[in-house]
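Please prepare a short report on the packing within and between the chains shown below, with the cut-offs stated wherever a term is used.

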Amino acid sequence: MSAAEPVVEIRNLEVDFRTFDGVSKVLVGVNLELRRGDILGLVGETGCGKSVTALSVPRLIPMPPGQFVGGDVRFLGESVLEKSPAEMRELRARHIGMVFQDPNTNLNPVFTIEQQMVDACLCRLGHAGAVTTGPFKSWRSSDRELRRQARETAVALLQRVGFPDPERRIASYPHELSGGMRQRVLIAMSLAGHPDLLIADEPTTALDVSTQAQILGLIRELVQEFHLTVLLITHNLGVVAQVCNRVAVMYSGRVVESGSVRRVFKAPSHPYTIGLLRAVPTMETVRGTLEEIPGTIPNLLTPPAGCRFHPRCPHVMDDCRVDPPPPMFPLEGGTEVACHLYAHGARPNLLVAAEHGGRHDG
Amino acid sequence: MAEALLEIRHVCKYFPIRGGLLKQNVGAVRAVDDVSLAIPAGTSYGLVGESGSGKTTLGKVVLRLSEPTSGEILFDGQDLAALDGRALQEQRARMQMIFQNPYSSLDPRKTVKSIVAEPLVIYGRARGKELDDRVRSLIATVGLRSEHLYRFPHEFSGGQRQRIGIARALALEPKLLILDEPTSALDVSVQSQILNLLLDLQQRLGLTYLFISHDLGVIRYICDHVGVMYLGRIVEQAPVEDIFSRPQHPYTQALLSAIPEPDPERAFQPGEIKGEIRALPSDYAGCRFAPRCPFVMDRCREVDPPLKETAPEHTVACHLF
């Protein structure tokens with residue numbers, strides 16, 4: 001793994017969504033870096049900006065209402081914000097693969113897997129012209145040959161992702177497949193162009209645990225085999241712990257903590273990360289001791305000043321309530337945390353403090 | 001074991017498959033097949049399983065929102081399956097359901113007040129000033145404030161909506177709550193708030209829970225007894241500690257190994273379980289887990305194993321035992 005050129009570099013990214021109610025500041029200065037071979041888990045609650053951050057790389061944020069306000073997104077060293085639509089299409093086809101949350105809505109129900117896979121393979125391999133969109137397209141023998149090759153690629157990819165009997169079942173329609181199988185089809189499709197980056201947006205949330213385990217195992221294998229860099233969006237901390245090597249925790253439009261999975265899970269620094277880890281019932285949680293993060297996520301139209309987590313934070317200080325929000329402070333082991341508690345290089349023992357100040361009711 | 005508030009005996013729910021020229025019954029989907037369980041008053045029973053295992057159908061059958069094909073449902077000693085009309089309505093007031101999706105289970109055109117008041121109005125339990133007081137105290141019980149009363153569901157977050165759903169379910173002072181995946185649509189920080197609220201309510205109001213979930217961590221936190229369902233059958237049933245420390249059925253073991261724990265130090269070794277849950281032909285007589293089981297024997301494909309007690313209160317349906 002060379003640490004030279006980052007695959008993705010997001011610097012101070014700011015994105016607004018203009019709505020009828022006002023300007024919603026969805027991202028306020030997101031910093032993120034993915035080096036080749038990284039599997040970065042992007043964690044956070046609904047509405048914290050995980051998906052918007054990920055979609056900014058292939059520039060798929062709907063505009064309007066979305067709008068880039070500041071910062072930069074660089075992919076393989078080039079800024080994606082300056083590219084033309086044609087260049088972006090090329091980038092999305094050849095270099096970025098995406099797997100979405102709901103495999104039911106991301107396959108077209110009226111086409112067979114074969115039709116969809118072949119078209120995807122053609123686009124990703126740069127033969128978009130051979131896609132059967134026009135009336136007489138399929139008559140040209142060169143196109144037929146391309147489609148035959150694309151079908152072979154598709155079958156090979158389906159075989160690789162563990163789709164049973166692909167030669168025959170590629171003719172199925174999406175409704176004939178189970179959720180896990182559909183997700184495998186989407187993964188196969190995203191790999192067709194040998195992408196550098198795989199963006200997986202909650203790839204296992206809609207699946208059962210045993211299927212989830214199979215899909216996670218598959219993703220881990222494919223990362224090795226295809227030299228992928230993965231941006232895995234999830235709210236399941238277990239998934240991050242078992243699949244990723246790095247993690248970035250987002251809260252309300254900002255990355256509040258990032259670092260290696262080992263360090264962040266073992267010694268979480270940001271009060272939000274600590275709260276999140278303690279709010280998951282695990283095999284060891286004793287009844288009645290599950291901690292809560294009080295309150296709810298802030299409204300993005302009228303976010304709190306300063307650190308956006310301060311109204312819910314058990315360690316809130318005066319500094320937290322006023323702008324500017326805390327910058328990222330580096331800690332030992334490469335972890336970075338955006339919290340005023342770490343302003344003076346000190347590392348307060350929050351875990352002990354949380355034990356006393358945690359859950360009040362009973 | 002204490003007196004059971006809810007006891008289900010050999011309940012089956014078959015959905016007919018119609019086919020052929022005359023749309024005759026050509027078979028049946030055995031969604032719930034010969035399930036028996038008992039929940040002592042004041043405790044929680046967790047029903048775990050993958051989608052398609054029949055957990056939700058069982059929950060609906062208990063409330064008779066779906067008619068059981070056969071079997072007995074004893075609620076407080078009375079067989080619900082034999083009740084009709086007024087008598088059934090009276091019993092239903094004592095058991096309520098909380099649904100998975102707080103976005104679709106609340107009427108978007110009603111205010112919180114009328115949502116929570118509706119059961120009281122239907123049953124004629126209160127009116128006027130008294131109704132108003134009851135609604136206010138219910139809202140306070142679930143941790144909402146009276147300023148929320150005249151708002152509409154879309155103005156609330158998922159966790160708050162689930163609280164409204166809980167307030168509505170508590171309105172008739174039920175004894176039994178059937179909770180169908182009450183937290184799976186929520187974020188973790190909100191999930192923990194709702195779970196603690198449910199534990200708190202159980203203690204204060206002496207409620208009995210039938211808790212349906214696929215999240216084993218949540219089940220372990222809330223429940224006293226656990227039943228693992230697979231394709232309509234309960235394959236293992238035990239006190240919660242036993243299930244997690246000594247899982248016996250190969251399916252339970254696989255399910256437990258498939259949960260990714262939020263601890264990177266712990267190695268994740270899934271993949272013992274192959275394939276996916278899949279409906280079997282109606283005339284299949286063997287163990288339903290046999291096609292995916294790593295320990296499958298010839299006998300498993302022919303004879304369906306009955307539930308067998310392997311330890312006190314611990315029953316398993318597997319030929320290995």
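A residue is called buried if 20 or more other C-beta atoms lie within 10 Å of its own, exposed if 12 or fewer do, and partly exposed in between, with the C-beta atoms placed from the backbone. Because eleven of the twelve residues of α3(A) are buried, this helix is largely enclosed by the rest of the structure; among them are Ile113(A), Met117(A), Asp119(A), Cys121(A) and Arg124(A). The end C-alpha atoms of α3(A), residues 113–124, are 16 Å apart, which agrees with the 16 Å that twelve residues should span at 1.5 Å a residue, the expected span being 1.5 Å times one less than the number of residues. Just after α3(A), Gly126(A) takes a positive phi of about 85°.

Elsewhere in chain A, Arg169(A) lies in helix α5 (residues 166–169) and counts as partly exposed, because it has 17 C-beta neighbours inside 10 Å. Leaving aside neighbours within four places in sequence, Arg169(A) is in contact (C-beta atoms, placed from the backbone, within 7 Å) with Phe163(A) and Pro164(A).

Chain B is divided into domain 1 (4–94 + 174–314) and domain 2 (95–173), with bounds that come from an automatic or database domain assignment. The C-alpha centres of these two domains of chain B lie 28 Å apart, and 21 residues of domain 1 are in contact with 17 residues of domain 2. On the domain 1 side, the largest share, five residues, comes from β7(B).

The contact between the chains takes 32 residues from chain B and 38 residues from chain A, and the largest share of the chain B side, seven residues, comes from α6(B).

| Side | Residues by class |
|---|---|
| Domain 1 of chain B, touching domain 2 of chain B | 14 nonpolar, two polar, five charged residues |
| Chain B, touching chain A | 16 nonpolar, ten polar, six charged residues |

Residues are numbered from 1 along each chain as its sequence is written, while chains are lettered from A and ligands numbered from 1 in the order in which they are written. As the model is predicted, local features need pLDDT of at least 70 and side-chain atom pairs count only at pLDDT 80 or more, whereas totals for chains, interfaces and linings use all residues.

Notes
Helices (H or I, at least four residues) and strands (E, at least two) are DSSP runs, numbered from the N terminus. Two residues are in contact if their C-beta atoms, placed from the backbone, lie within 7 Å. Ala, Val, Leu, Ile, Met, Phe, Trp, Tyr, Cys and Pro count as nonpolar, Asp, Glu, Lys and Arg as charged, and the others, Gly among them, as polar.
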